[in-house]
Amino acid sequence: MRGRSAAANIELFSIDPNDNTKLELDLEVGANSGSPNYLVVFNNKVCFDGDDGTDDSIWCYDPDLGTASKIAGWNNRAYYLYVWNNKLYFVGDDGNNQSPYVYDGVNAPIEIVDHDLEDVGDDVN
């Protein structure tokens, strides 16, 4: 879950059955926040849009290993992550356009259609 602490700011936390919270990942170490958003479970990992201070990208946290990595081939902001048929779908933002993408867990994400979603209006933003 997305949570906040005095030491880690807004980062990735978990809650155990006894209601104890635990910092799982401090993506942007220090006073700044990694700000994980749009958390989903994909391939037994928690995937989300987050910022490590260098890249705002899609990250996947492996709770068994306690490590996180960016998905291959994606270095842009992402919104509205969801999983369907063993694939990760999201709206990608390259700084100029917002378009739908799909990620299979192995290859770089691909754009589903060549369409600028900003034309849709505030429903997407």
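In this predicted model, Phe90 has a relative accessibility of 2% and therefore counts as buried, the limit being under 20%. Phe90 pairs with Tyr101, and the two rings are stacked, with 5.6 Å from centre to centre and 10° between the planes. Because Phe90 belongs to strand β9 and Tyr101 to strand β10, the pair ties together parts of the chain that are 11 residues apart in sequence. Tyr101 is itself buried, at 13% relative accessibility.

**Aromatic pairs**

A pair of aromatic rings is described by the distance of the centres and the angle of the planes. The count of aromatic pairs in the model comes to nine. One of them joins Tyr79 and Tyr80: the ring centres are 6.1 Å apart and the planes stand at 40°, so this pair is tilted. Tyr79 is buried, with a relative accessible area of 17%, whereas Tyr80 is partly exposed, at 35%. Tyr79 and Tyr80 also belong, together with Tyr38, to one aromatic cluster.

The accessibility of selected residues is set out below.

| Residue | Relative accessibility | Class |
|---|---|---|
| Phe90 | 2% | buried |
| Leu81 | 8% | buried |
| Tyr101 | 13% | buried |
| Tyr79 | 17% | buried |
| Asp56 | 19% | buried |
| Tyr80 | 35% | partly exposed |

**Overall organisation**

The protein chain contains 11 strands and zero helices. Of its 125 residues, 36% are buried. Among contacts between residues at least 6 apart in sequence, 27% join residues at least 24 apart.

**The nonpolar cores**

The largest nonpolar core consists of 13 residues, and those with the most contacts inside it are Ile58, Trp74, Leu81, Leu88 and Phe90. Two or more residues are given to this core by each of the elements β4 (37-42), β6 (56-62), β8 (77-84), β9 (87-93) and β10 (98-103). A second, separate core has five residues, including Leu27, Phe48, Trp59 and Tyr61.

Leu81 is found in strand β8 and counts as buried at 8% relative accessibility. Beyond its neighbours within four places in sequence, Leu81 is in contact with Tyr38, Val40, Cys47, Phe48, Asp49, Ile58, Leu88, Tyr89 and Phe90. Tyr38 lies 43 residues away from Leu81 along the chain, but the C-alpha atoms of these two residues are separated by 5.6 Å.

When residues up to four places away in sequence are not counted, Leu88 touches Val40, Phe42, Ile58, Leu81, Tyr82, Val83, Tyr101, Val102 and Tyr103.

**Strand pairing**

Strands of a sheet pair through backbone hydrogen bonds, either parallel or antiparallel. Strands β8 and β9 run antiparallel and are joined by six bridges. Within this pairing, Val83 has Leu88 in β9 as its bridge partner. The two strands form a hairpin with two residues between them, and Asn85 in the turn has a positive phi of about 50°.

An open sheet of four strands has the order β4-β5-β6-β7, with antiparallel pairing. Strands β4 and β7 (67-70) stand at the edges and have a single partner strand each, so one side of each is left without a neighbour in the sheet. From one strand to the next, the twist averages 30°. Strand β4 is joined to β5 (residues 45-51) by four bridges, and these two strands run antiparallel. Val40 has Cys47 in β5 as its bridge partner. Both Val40 and Cys47 are among the residues in contact with Leu81.

Asp56 has its place in strand β6. Its relative accessibility is 19%, so Asp56 counts as buried under the limit of 20%. The side chain of Asp56 makes a polar contact of 2.4 Å with the side chain of Arg77. Leaving aside neighbours within four places in sequence, the residues in contact with Asp56 are Asp49, Gly50, Asp51, Asn75, Asn76 and Arg77.

Key. Residues are numbered from 1 along each chain as its sequence is written. This is a predicted model: local features need pLDDT of at least 70, side-chain atom pairs count only at pLDDT 80 or more; totals for chains, interfaces and linings use all residues. Side-chain values use heavy atoms; hydrogens and water are left out. A nonpolar core is a set of buried Ala, Val, Leu, Ile, Met, Phe, Trp, Tyr and Cys residues joined through side-chain atoms within 4.5 Å. Buried means under 20% relative accessible area, exposed over 50%, partly exposed in between (1.4 Å probe, protein chains only). Contact means heavy atoms within 4.5 Å. Two strands pair if DSSP finds at least two bridges between them. Axes are lines fitted to C-alpha atoms, for helices over the stretch in contact, and angles run from 0 to 180 degrees between N-to-C directions. Rings of Phe, Tyr and Trp (its six-membered ring) pair if their centres lie within 6.5 Å; planes under 30 degrees apart count as stacked, over 60 as edge-to-face and the rest as tilted. A polar contact is a pair of N or O atoms within 3.5 Å; within protein, one must be able to donate a hydrogen and the other to accept it, and residues adjacent in sequence count only if both atoms are side-chain atoms.
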